[in-house]
2 protein chains.
Amino acid sequence: MKTLTDRLYVRVAEVGNVCLGLDTDISYLPIDMQRRHSRPSDAVLTFNKAIIDATLDVTAVYKVQIAYYEALGLPGLDAYAKTLAYLRKKGAIVIADVKRGDIAKTAEMYAKAHFTGDFEADFITVNPYMGMDTLAPFYPYLEENDKGIFALAATSNPGACEIGGIKSADGESVCEKIAGMLAKENAAFPGENGYGRIGAVVGCTDKNGLAKMRALMPDIFFLIPGYGAQGGTAEDIRGCLKDGNGGVVNSSRGILLAWQKPENSGLSFDEAARAEVLRMREDIRSAV
Amino acid sequence: MKTLTDRLYVRVAEVGNVCLGLDTDISYLPIDMQRRHSRPSDAVLTFNKAIIDATLDVTAVYKVQIAYYEALGLPGLDAYAKTLAYLRKKGAIVIADVKRGDIAKTAEMYAKAHFTGDFEADFITVNPYMGMDTLAPFYPYLEENDKGIFALAATSNPGACEIGGIKSADGESVCEKIAGMLAKENAAFPGENGYGRIGAVVGCTDKNGLAKMRALMPDIFFLIPGYGAQGGTAEDIRGCLKDGNGGVVNSSRGILLAWQKPENSGLSFDEAARAEVLRMREDIRSAV
C-alpha cells in the first residue's frame with residue numbers, strides 16, 4: 001500500500017527537498033501588508049496564502065509552526081486552522097510542527113486534536129522524551145487515517161547536545177538511543193519506497209551527528225531543520241540523504257524574509273520566496 | 001520580593017497540597033449535562049466552572065491540560081481560554097499544562113502565547129529535552145510578569161525511565177542530570193520561602209526516584225503527577241516534601257470522576273469533586 005510517506009518520497013523525487021516553514025511572525029510581513037489588516041492574524045493568513053500560491057509547484061512539503069499562531073491567541077489559531085485547510089485544499093502535504101508529547105491519555109487527545117478536526121494535518125512532530133509509550137496513541141491514526149509523525153531525535157539548536165548528547169555507560173548518546181528506539185518502532189509501519197510512517201527530526205547543524213543518525217535509522221524519513229539562518233549547509237546534509245531522497249530540509253525565515261535580501265529587490269515578497277525556494281533546491285541538488 | 005512561587009507556598013500552607021487537574025474529557029460529564037449543551041466545549045466549560053466553584057477554598061492550584069481542549073478544535077480552545085479567565089477572576093493560581101519546548105525563537109512565541117493574551121496562565125509546564133537554551137525565552141516573563149515554569153524532570157508514565165532513566169557514564173541518569181541543570185537555572189530566581197520560580201514535574205510513581213529528585217533540587221517546588229489513577233500514593237510522596245510543603249500533588253480523573261464512585265452516590269458531580277479533594281488532602285496530610 002502507498003503510504004503518506006511514500007507520497008512524500010515521490011514528491012521529493014519530483015520537486016526537490018524543500019520543506020517550507022510557515023513560522024509566520026507578523027514582523028516578517030511588508031509593512032503595508034501589516035497595515036492593510038486590522039487583525040495581525042488576518043494579515044498572517046493573507047501572507048501565508050500568497051506564499052503557498054507562489055511556491056506550491058516547487059515545494060515538497062509545508063511545515064506550519066503552531067507556536068507563532070498560539071502567540072496571537074484565538075484569532076491566531078483560527079488563522080492556523082485556515083492555513084492548514086488552504087494547504088490541504090491545494091493538495092499539499094502538511095507537517096504540523098507542534099512537538100507535543102505527554103502521557104498516553106493526554107497524547108490520545110493530542111492525536112485527535114492534530115489528526116482530525118479543525119487542526120488536521122498530515123504529519124505532526126512529537127517529542128519522545130517521556131518514552132515510547134507516549135508515541136503509541138498516535139499509531140492508530142498512522143494506518144487508519146494515513147498519517148505520519150516526525151519524532152525529535154537530534155535538534156538544531158545550540159543546546160541540543162546538553163541532554164541529547166549525554167553519553168550513556170555503553171558509549172551511545174541519548175540521541176543515538178532514541179534513534180535506535182525510533183528505528184524499532186518504525187519497523188511496524190513500512191512503506192513501498194523504503195521509509196516507514198515514523199519519521200525523525202534531525203538537525204543539520206551537526207554534520208557528523210547527521211551521518212550517524214542515518215546509519216542508526218536507515219528506514220526513517222528525515223525532517224531536517226537548521227538550514228540557512230541556523231547555520232546548516234547543503235554540504236552538511238549530504239551524508240543523510242540516500243540518492244537525494246529520504247529527507248526534507250526546512251527553511252522558514254530564509255524563505256519568508258527573502259524579500260528583504262538585496263538580490264531580491266524588485267521582487268514582491270511571494271516572488272522572492274519562490275526565488276529562494278528555487279535557490280535552496282539547487283543548492284541541495286548540487287551538493288548531494 | 002514575594003514571588004508567584006511564594007504565593008503558591010503560602011496557599012499550600014493554608015489549604016493543603018491538592019492540585020486539581022482540569023483534564024476535562026466530555027465523557028467525564030454526567031450524561032444529562034452532556035445533552036443539555038449543543039457543543040461539547042460549552043458543556044466542558046459549564047462543568048469546569050461548577051468544579052472550580054465547589055473546590056476553590058480547598059485547592060492549592062488548578063492545572064488545565066490543554067490537550068483536552070485542543071482535541072475539540074477552535075471551540076475547545078475558546079473553552080480553554082474561558083476556563084483560565086474564570087480561574088484568574090476567582091483569584092486562583094493556574095498552571096497551564098502545555099509541555100511546550102522548542103528552539104529559542106519558537107519558545108519565545110510559546111512564552112508570549114501562554115504568559116499573555118487569551119491563554120494567559122500563572123505557571124506553564126515546559127519540556128526541557130532540547131536543552132536549557134530552550135527554557136531561556138521564558139525567563140523574562142518570570143520576573144517582569146511574575147510568572148513561573150514547571151520543567152519536566154521525571155514523569156509518571158510507565159515508559160518514563162526509557163529515556164529519562166538512561167544512565168550516563170558517570171552513573172547519573174538523564175533525569176538526574178536534568179534535575180541538576182534545573183537546580184542551577186533556578187538559583188537565579190530565588191523566593192522568600194526557599195523555592196525559586198522554576199519548578200519541576202516529578203512523578204510519584206517511583207518512590208525512590210522522588211527522594212533522589214528532592215536531594216538534587218532542594219530549592220525547587222515540585223508539581224507531582226501520578227497520584228491515584230496512575231498508582232502513586234501519599235506514602236510515596238512523603239520523601240519529597242519538606243514540612244509538608246514544597247510540592248503540589250495533582251489529581252485529575254480521580255476528582256473529576258469522583259461522582260461515579262459508590263461512596264459518593266447521592267452527591268452531585270461538584271459535591272463529589274469537593275469530597276474527593278478533601279479526602280485526598282487528608283490522605284496527604286496524614287502521610288507527611
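## Briefing on a predicted two-chain model

At 9% relative accessibility, Lys99(B) counts as buried, because a residue is called buried when its relative accessible area is under 20%. This residue belongs to a predicted model, in which chain A can be superposed on chain B by a rotation of 180°. The points below take up the backbone of chain B, one of its helices, the relation between the chains, and the cysteines.

**Backbone angles in chain B**

- Most residues other than glycine have a negative phi.
- Lys99(B), which is found in strand S3 (residues 94-100) of chain B, has a phi near 45°, a positive value in a residue other than glycine.
- Asp146(B) also has a positive phi, near 55°, and is likewise a residue other than glycine; Asp146(B) lies in the loop between helix H7 (139-144) and strand S5 (148-154) of chain B.
- Whereas Lys99(B) is buried, Asp146(B) is partly exposed, with a relative accessible area of 22%.

**Helix H6 of chain B**

- Helix H6 of chain B covers residues 104-115, and its 12 residues should span 16 Å at 1.5 Å a residue, which agrees with the 16 Å between its end C-alpha atoms.
- Within H6(B), the buried residues include Thr106(B), Ala107(B), Tyr110(B), Ala111(B) and His114(B).
- An α-helix has 3.6 residues a turn, so residues three or four places apart point the same way.
- Just after H6(B), Gly117(B) takes a positive phi of about 70°.

**How the two chains are related**

- Two copies of a chain are related by a rotation about an axis and a shift along it.
- Here the rotation of 180° comes with 0.0 Å of shift along its axis, and the superposition of chain A on chain B has an RMSD of 0.0 Å; that is the relation of a two-fold axis.
- The copies meet through the same surface, because 100% of the interface residues of chain A are also interface residues in chain B.

**Cysteines**

- A search of the whole structure finds zero disulfides over all chains.
- In chain A, the sulfur closest to that of Cys175(A) belongs to Cys161(A) and is 6.2 Å away, which is too far for a bond, because a disulfide needs cysteine sulfur atoms within 2.5 Å.
- In chain B, Cys175(B) is in no disulfide either, and its nearest cysteine sulfur, that of Cys161(B), is 6.1 Å away.
- Cys175(A) counts as buried at 9% relative accessibility, and Cys175(B) is buried with a relative accessible area of 9%.

Technical notes:
Residues numbered from 1 in each chain as written. Chains lettered and ligands numbered in written order. Predicted model: local features only at pLDDT ≥ 70, side-chain atom pairs only at ≥ 80, totals over all residues. Heavy atoms only, no water. Least-squares fit on C-alpha atoms with pLDDT ≥ 70 in both. Contact = heavy atoms within 4.5 Å. Helix = DSSP H or I, 4+ residues; strand = E, 2+ residues; numbered from the N terminus. Buried < 20%, exposed > 50% of the residue type's maximum accessible area, 1.4 Å probe, protein only. Expected span 1.5 Å × (residues − 1).
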